[in-house]
Amino acid sequence: MSHLSVNHLLGIKQITKQDIELILSTAQNFKEVINRPIKKVPSLRDITVANLFFENSTRTRLSFELAQKRLSADVINFSASNSSVKKGETLVDTVNNILAMKVDMVVMRHASPGAALFLAKRVKAKIINAGDGAHEHPTQALLDAFSMQEQLGDLKGKKVVIVGDILHSRVALSNIFCLQKLGVKVKVCGPLTLIPRYITSLGVEVEPNLRKALEWCDVANMLRIQLERQDIKYFPSLREYSMLYGLDKPMLDSLPKKIVVMHPGPINRGVEITSDVADSSQSIILDQVENGVAVRMAVLFLLAGRQND
Amino acid sequence: MSTKIILDTRQFEITIQRLCHQLIEQHNRFTDSVIIGLQPRGIYLAQRIQNELQKILKLKNIHCGDLDITFYRDDFRKKELIPNRTNIDFIIEDKNVILVDDVLFTGRTIRAGLDAMQAFGRPKDVELLVLVDRRFSRHVPIQAKYVGITIDSIESQNVKVEWKETDGKDKITLLS
């Protein structure tokens with residue numbers, strides 16, 4: 001396999017195991033590139049990419065922009081807060097106007113699930129989904145898998161637990177799809193109010209007890225409580241959540257084996273994870289950020305290199 | 001498909017030996033010289049040359065690296081490309097670089113190689129060594145300084161270089 005089976009990266013659900021493996025092995029080469037004294041390659045010098053962020057983002061946006069610049073692409077940035085979206089323009093009109101300026105690829109984050117798919121069906125450009133509502137965040141799942149592979153080697157048969165607000169998390173869903181395609185066993189852990197009722201139909205087990213979940217796993221992926229998406233109260237208080245589902249150093253040290261701790265960011269220190277855990281040697285949170293650039297370079301490179309069918 | 005042997009195992013060995021002695025003539029004890037093989041097929045020649053040189057000169061520290069040029073190619077999007085590993089653990093700043101590839105055909109790979117090399121420093125000078133030079137087929141003005149064998153071929157023909165390490169036998173054949 002030397003090319004992707006898709007023209008757009010809309011979600012992990014739509015891509016194959018071979019696609020994931022190709023992206024991860026290409027990312028390996030880009031990781032070597034971004035650790036050189038001169039970190040730039042000319043592969044995408046004739047490509048223009050628009051980064052459309054209809055929702056806030058720090059890491060993903062910087063990471064995509066850096067990946068594009070390291071590949072020598074031309075980049076335009078757009079955020080909804082200071083644009084004509086405020087004047088009532090629709091998504092398709094906004095994007096078509098940008099494409100009229102000869103843009104080849106679009107990286108988009110949007111609050112509505114399915115926004116990337118909607119766009120891919122209607123406009124002539126390659127679309128990369130950088131998060132659509134509580135649906136998918138494919139590049140995050142890919143960089144998580146890449147970071148796990150660096151720590152554990154082949155992921156087949158490994159055990160990963162995703163802890164926290166599964167209901168509102170696009171990271172959780174993409175991670176589940178990605179890890180299962182790579183042969184990883186996945187459990188989710190959190191207050192039952194924050195776990196989707198039909199999650200078990202994806203082949204995922206629910207473990208309501210954090211200690212049991214941590215004793216079982218090789219990797220714990222700690223998610224943030226997405227208060228901005230919660231319209232009602234799902235648990236009595238953050239303090240109680242933190243006591244039952246927060247990971248602290250005594251708990252981490254008392255586990256029978258050394259597990260890998262991950263977090264997609266932004267961290268709420270003291271809620272889902274304490275500072276001493278986040279900064280411990282078992283945490284690979286900053287490796288995830290570094291790998292994010294390499295993985296996004298691989299995705300951009302492979303999609304740009306694909307001739308349209 | 002017809003095949004014609006260009007170099008058999010015996011001639012292959014003699015050719016490598018000659019290239020090594022030509023290099024020694026120019027680079028003496030390789031104190032300021034390094035070898036860089038181009039991925040994917042040039043690295044076998046680079047490693048062979050490094051081994052032979054170290055044997056002849058009774059040295060152990062001749063630098064040899066692998067350079068992948070996929071991200072620097074000018075035919076990106078014209079065909080599917082798979083990147084390989086770059087492995088250069090030394091600085092080429094102010095060094096004499098010997099760029100090594102198995103077959104010199106259009107010269108586009110070497111052009112990309114010259115670009116790719118810049119990420120590792122500014123070399124003092126760069127020379128090109130190839131095992132097979134398919135003359136009269138160049139698209140860019142690039143010539144090798146050290147050549148194993150020069151052949152006349154047309155575009156539809158293919159030159160196949162086989163290595164003891166990967167293919168079981170040292171051999172060069174022309175497929176047409």
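Predicted model: local features only at pLDDT ≥ 70, side-chain atom pairs only at ≥ 80, totals over all residues.

User: Which residues is Pro208(A) in contact with, leaving aside its neighbours within four places in sequence?

Analyst: They are Cys189(A) and Leu192(A). Contact here requires C-beta atoms within 7 Å. As for Lys187(A), which is 21 residues away along the chain, its C-alpha atom is 9.9 Å from that of Pro208(A).

User: How do you know that β8 and β9 of chain A pair?

Analyst: Two strands pair if there are at least two bridges between them. Strand β8 (residues 219-222) and β9 of chain A have three bridges, in the parallel sense, so the pair meets the definition. Within it, Val219(A) is opposite Val260(A) of β9(A).

User: In what order do the strands of this open sheet run?

Analyst: There are five strands with parallel pairing, in the order β7-β6-β5-β8-β9 of chain A.

User: Why do β7 and β9 of chain A count as edges?

Analyst: Each has a single partner strand, so one side of β7 (205-206) and one side of β9 (260-262) of chain A have no neighbour in the sheet.

User: What lies across β8 and β9 of chain A?

Analyst: That is helix α5 (residues 138-152) of chain A, at about 160° to β9(A). Helix α6 (residues 170-181) of chain A also packs on the sheet, where it touches β5 (159-163), β6 (185-189) and β8 of chain A. The direction of α6(A) makes about 160° with that of β6(A).

User: How is chain A divided into domains?

Analyst: Domain 1 covers 17-136 + 289-304, and domain 2 covers 138-288. Their C-alpha centres are 25 Å apart, and 21 residues of domain 1 are in contact with 21 residues of domain 2. On the domain 1 side, α11(A) gives the largest share, seven residues.

User: How confident is the predictor in chain B?

Analyst: Chain B has an average pLDDT of 91, and 100% of its residues score at least 70.

Definitions and conventions: Residues numbered from 1 in each chain as written. Chains lettered and ligands numbered in written order. Helix = DSSP H or I, 4+ residues; strand = E, 2+ residues; numbered from the N terminus. Contact = placed C-beta atoms within 7 Å. Axes fitted to C-alpha atoms, helices over the stretch in contact; angles between N-to-C directions. Domains from an automatic or database assignment. pLDDT = per-residue confidence, 0-100.
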